[in-house]
Amino acid sequence: MTLTILSLSIAAGCAVQAAFGPVQEFARTDLAMTDLQMGLVQGMAVAIPAALLSIPIGWMADHSNRVRMMLLLAVLWSVGAAASAFAPSFELLFAARMLSALGLTVVLPVAISIAADLCPPDQRGRSLLLLSMGKVFGIALAFALGGALFGILSARTEPLFGMAAWRATQLIFAGASALLVLPLFMLREPVRREVASAGAGFRASMQALWERRSLLAPLFVGQITVIMADASASIWATPVLMRTYGLQPAEFGGWMGLVLLGSGLIGTIAGGIAADAGLKRGGGRGLLISAVVASAIGVPAALFPLMPGVPGFAVLLTALLLAGTATGLITATAIAVLVPNQFRALCLGSFVVVGSFIGFGVAPTLVTVISERIGGEDALAPSLAAVGLVSSILSLIAFALAARAAPKRT
C-alpha cells in the first residue's frame, strides 16, 4: 500500500511537470519568448532548485520524518503548476516552473529512501520499479491527455476560465495533482534498515560518500550524461515534431504518450529485473553491467531527430527513453544496495544536484546555443541529435568504469 501511494504521488508530480511539454510552443508564442528562454524555462528552472536544495533535503531525509517532507514537497509542485497558468511574462513563468520543479526534483530521493526501507536488499530493484512506473505513467498521461485536452480547449468558442488553452490545461493538471497526493496523509514513517555505525553529521556523511568515490564518481557521470540525453529529448521533441514534421499537439500527443508509456514501462520492468538478477549473479558489478548494456542502446537511438519520417523518429525516441529509464532505475538500485542507510538519501540528493544542473540546466540550453550557431531555429533537430549522441557515448564509458569499480559481493 505504501509503495502504491508513493508511486501515485510521483505520478501526479511528474504529470504536472510534463504537461507543459505538449503546449510549450504555444506558451512561447503567447509570451513572445525565444528558444533560449524556453530552454531556460524547461531546463534551468528545474536545475536551480535541485542544485540548491537536493543535498540539504537529502541529508534531512536521512535524519528526519520523510513522509512529512513528501507532503510539503507535493504542495509546492501543485502550487507551482497552478502559478504557471497565470504567468504573464517569461520571468514569472520561470519562477513558477522553479517552484513546481522544487517539489518534484527533490522528492525522488525522499521517496526512494522510504521505499528502500520497505523491503530487503535483494528485492529493492522491484520495489523501486513501482516508483519508476509512477513516473512513467505520469509523464505518458501528461502528453496523451495534455495534447488531447489542449485540442479540446483550443476548439472552444468561449475560452475556459477566460484563459488561453495552454493556461487552462496547466490549471486543470494542477488541480488533479492536488487531489492525487491526498493519500500521502495515510502514510506512516517506516523503520530504517542497515544503519551504519559511522557518524551521522553532515560532514561525516559527505566523508563517507567521498570514501566511495571510485564507484560513485563514474556512476555520477554515467547517470548525469543519460539525463542530458533524455532531458534534451523530452524538452525539444515537441518543437522538432512541429517545426520539422509539421505536426500539432492533437496529432502527436496520443502516440507520444504511448511512446513515453511503452518505453517507460519496458525500461522500468527490464531495469528492475536486470538489477535484481545482476545483483544476485554478480553482486554490485553484475548489477552495473546491466547499466552498461542499457546505455549502449542509447548511442544509436540518440539520432532520432534526424530520421526522415515520423515512424523512425518514434522508434528511436522510444529506444533512447527506454534505455534511460532502465539505467536510472539500475543506478538508484545500486545506491540503495551499496550505500548505507544514513548516507543514502544524501547520495541520491547529490546525484540530483549535479544531474539536474547539467542534465536539465546545461544540456537543453546547449541544444539552443548550438542550433543558433549552425542555422537558427530550423537547426534544432541536428543540434539535438549531436548533444544526445555525445552524451550517450559518455554514459556508456562511465557505466563501464563504474561496473569495474563495483564490489563483486554485497
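The model is predicted. Of its 410 residues, 58% count as buried. The accessible surface of the protein chain is about 15600 Å², and carbon and sulfur atoms make up 71% of that area. Among contacts in the protein chain with a separation of 6 or more, 84% join residues 24 or more positions apart.

| Helix | Residues |
|---|---|
| Helix 1 | residues 2-18 |
| Helix 7 | residues 165-180 |
| Helix 11 | residues 310-338 |

Helix 11 has 29 residues. From its first C-alpha to its last, helix 11 reaches 42 Å, close to the 42 Å expected at 1.5 Å a residue. Because 21 of these 29 residues are buried, helix 11 is largely enclosed by the rest of the structure.

Helix 1 and helix 7 form a pair whose axes come within 9 Å and cross at roughly 170°. Angles over 145 degrees count as roughly antiparallel, so helix 1 is roughly antiparallel to helix 7. On the side of helix 1, the contact is made by Leu8, Ala12, Ala15 and Val16. Helix 7 contributes Gln170, Phe173, Ala174, Ser177 and Leu180. By class, this contact of helix 1 with helix 7 has seven nonpolar and two polar residues, with no charged residues.

Note on methods. Residues are numbered from 1 along each chain as its sequence is written. This is a predicted model: local features need pLDDT of at least 70, side-chain atom pairs count only at pLDDT 80 or more; totals for chains, interfaces and linings use all residues. Side-chain values use heavy atoms; hydrogens and water are left out. Buried means under 20% relative accessible area, exposed over 50%, partly exposed in between (1.4 Å probe, protein chains only). Contact means heavy atoms within 4.5 Å. Accessible areas come from the Shrake-Rupley method with a 1.4 Å probe; for residues, only the protein chains shown count as cover. Helices (H or I, at least four residues) and strands (E, at least two) are DSSP runs, numbered from the N terminus. The expected span of a helix is 1.5 Å times one less than its number of residues. Axes are lines fitted to C-alpha atoms, for helices over the stretch in contact, and angles run from 0 to 180 degrees between N-to-C directions. Angles under 35 degrees count as roughly parallel, over 145 as roughly antiparallel, 65 to 115 as roughly perpendicular and the rest as oblique. Ala, Val, Leu, Ile, Met, Phe, Trp, Tyr, Cys and Pro count as nonpolar, Asp, Glu, Lys and Arg as charged, and the others, Gly among them, as polar.
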